[in-house]
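The questions below concern pairings between side chains. Each one is answered from the structure shown here.

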Amino acid sequence: MSIPKPDPSLSLTPTLSDSHSGIPLPLLEKATHAKSLIYAGKTVPDTVPLTRGLPIPQGISASTFHMVISELKTLLGAQHVELNDAELKNGWYMQHPNTHDMMPLLHSEEFIASAVVYPGSVEDVQRIVKWANKHLVPIYPISMGRNLGYGGAAPRVRGSVTLDLGRRMNRILSINEEDYTCLLEPGVSFYALHEEIQRRGLGDKMWIDTPDLGGGSVIGNTLDRGVGYTPYGDHWAQHAGLEVVLPGDDARVVRTGMGALEGANTWQCFPYGFGPVSDGIFSQSNFGIVTKMGMTLMPNPGGFESFMYTFPDESSLAPLIDIIRPLRISNILENVAQLRHGLQTLSVKGLPRSTYYTGPGPIPQEILSEHLSRTATGDCAWVYYGMSYGPAHIRKYKLDVIDAEFHKIPGCRKIDPSKMPADEYFWSRDRIASGTPDLEELKWVNWVPNGSHIAFSPVSPIQGKDASALYELAKKRHAEAGIDLMPAFCVGLREMHLIVEIVFDATDEGVRKRAERCLRDMIDDAAKLGYGEYRTHLALMDQVAATYNFNDGALMKLNNTLKDALDPNGILAPGRCGIWPKRYRGRGWELKGGETSSEGKGVAPPTGEVKI
Ligand code: EUG
């Protein structure tokens, strides 16, 4: 298992001093290495010409499109508008495209932008919204576009004009050391927020909560209800206050919660304000463009200690989950921990699957066990990564309870951290659970050439029987599709997210189709058993939205009512989360599986006068 040397011909990854989306300097070496591994696994050129030409959105002629783009250039400055008419450039996580999904489930020119515009202010965002309403151009806002595994930066409607908010709107507007809160713009990544806290000398005082990879936008991740791994892991629950540009033709700006009271000093302290809590309608939706968000920060708990347990038997899953539940609900288990399948311990080392196995179908258990037994973790079916917080005597109480409870599982082993080499994945989980963003998790994309990933992410109670039901259905569908199963349970307070990332070669159409079949079958199987996904890929949003079907789809009817009221011209992110504007409804835009085109039968012609 030799690790390839960095390829000196590859350009250096931009750092945070080069770009808002760059890597923190302390992670530069790791980024160089990660990039080498990814580029060593690429079998196709990184940049290819567009085969279908400039993707012009439905309902607009080519000549009109070019005219309205010139108008946009006049409004924003020509240097802030880029046409996507030449090539597809994929790159990698740290240098990702903002024009399309570099991990596509359909042809890569389906979910693709016609142009990208870079607003520099809230007023610019308003100008773009008014322009889009005037000309009925679909627009698609991204914060940074690193929603990889769920569609990345790509718009759902082909030819949408992407608003890349983060490139020019990336200020940390405040970090309040007394209240432990911050106020951010869309282009602030977890990396950047962490770096700024260190730079201001506040690193000993306050922590952020970061996802597995730190390159994503704090706003983008939170609006998509992403998860991190400290006690503040439920990002949406930790946000406080939004500023939103509404999609109507007057592009009104609203502030939610206490932000609605002019001059309030409580915007980031009390998320509710007075009256209905409107924040929820701007999360996983297409009802507004979020331009500022408040976020709470975690006080340094005065100490922390990672722990890791392995379990040899696959069948221990259910009893273990039943042990975890009461410990988690009572906060003896304090963080959003991960219970990962043994295969992930191997895949996260970053070497291709072919290092271990070249036969057909999923990697056999004996081969997995043989290789795992040679790692620092040892052979195991499941690994639990957790962290205890507070001073040593406080941790000891909790760790003793956990140890006694976990040892009720036959073969349970506590792994001694002092036996873990410095480059072992364990230490990445240690950093993340103590608020330091990392890049390590990226390594399993190298499992296959041109590695892409798309997640199946159902939620369930923290119950053994639910864990087993979901694990079994995933296992069955993966076996049918001949795909390796890599499940991880992320345990929230009273529920858990099962995350099954399918790692596939997106350049192989046959594999892509099998991955799609597998994902769609799992979504249907899960829904039949009463489980739904917490988040999904662009291509799967219609299907997932349709599983939330109580009372003849009453929730989607409510969403449609809101959509029509807030965005009567249907310009903002049509189709996002399965919500289609009136102009698109009933025209076959919903993807149910197996389609080769993501475009329905066009859009309805404009109705009435459009105000300017
Ligand atoms: C991961 C976690 C997620 C998610 C996608 C990927 C990480 C996998 C908890 O949410 O949605 C190791």
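A salt bridge is counted when a side-chain nitrogen of Lys or Arg lies within 4 Å of a carboxyl oxygen of Asp or Glu. The model is predicted.

Q: How many salt bridges does this rule count?
A: Side chains of opposite charge can pair when their charged atoms come close. With the 4 Å cut-off, the count of salt bridges comes to 43.

Q: Which helix holds the salt-bridge partner of R477?
A: R477 pairs with D525, with the closest N and O atoms 2.6 Å apart. Both R477 and D525 are buried. R477 belongs to helix α12, while D525, 48 residues away, belongs to helix α13.

Q: What separates K513 and E509 along helix α13?
A: K513 and E509 form a salt bridge at 2.7 Å between the closest N and O atoms. K513 is partly exposed at 44% relative accessible area, and E509 is partly exposed at 46%. Because they are four residues apart in helix α13, their separation is about one helical turn.

Q: Which cysteine sulfur is nearest to that of C269, and how far away?
A: The whole structure has zero disulfides. A disulfide would need two cysteine sulfur atoms within 2.5 Å. For C269, the nearest cysteine sulfur is that of C182, at 12 Å.

Methods
Residues numbered from 1 in each chain as written. Predicted model: local features only at pLDDT ≥ 70, side-chain atom pairs only at ≥ 80, totals over all residues. Heavy atoms only, no water. Helix = DSSP H or I, 4+ residues; strand = E, 2+ residues; numbered from the N terminus. Buried < 20%, exposed > 50% of the residue type's maximum accessible area, 1.4 Å probe, protein only.
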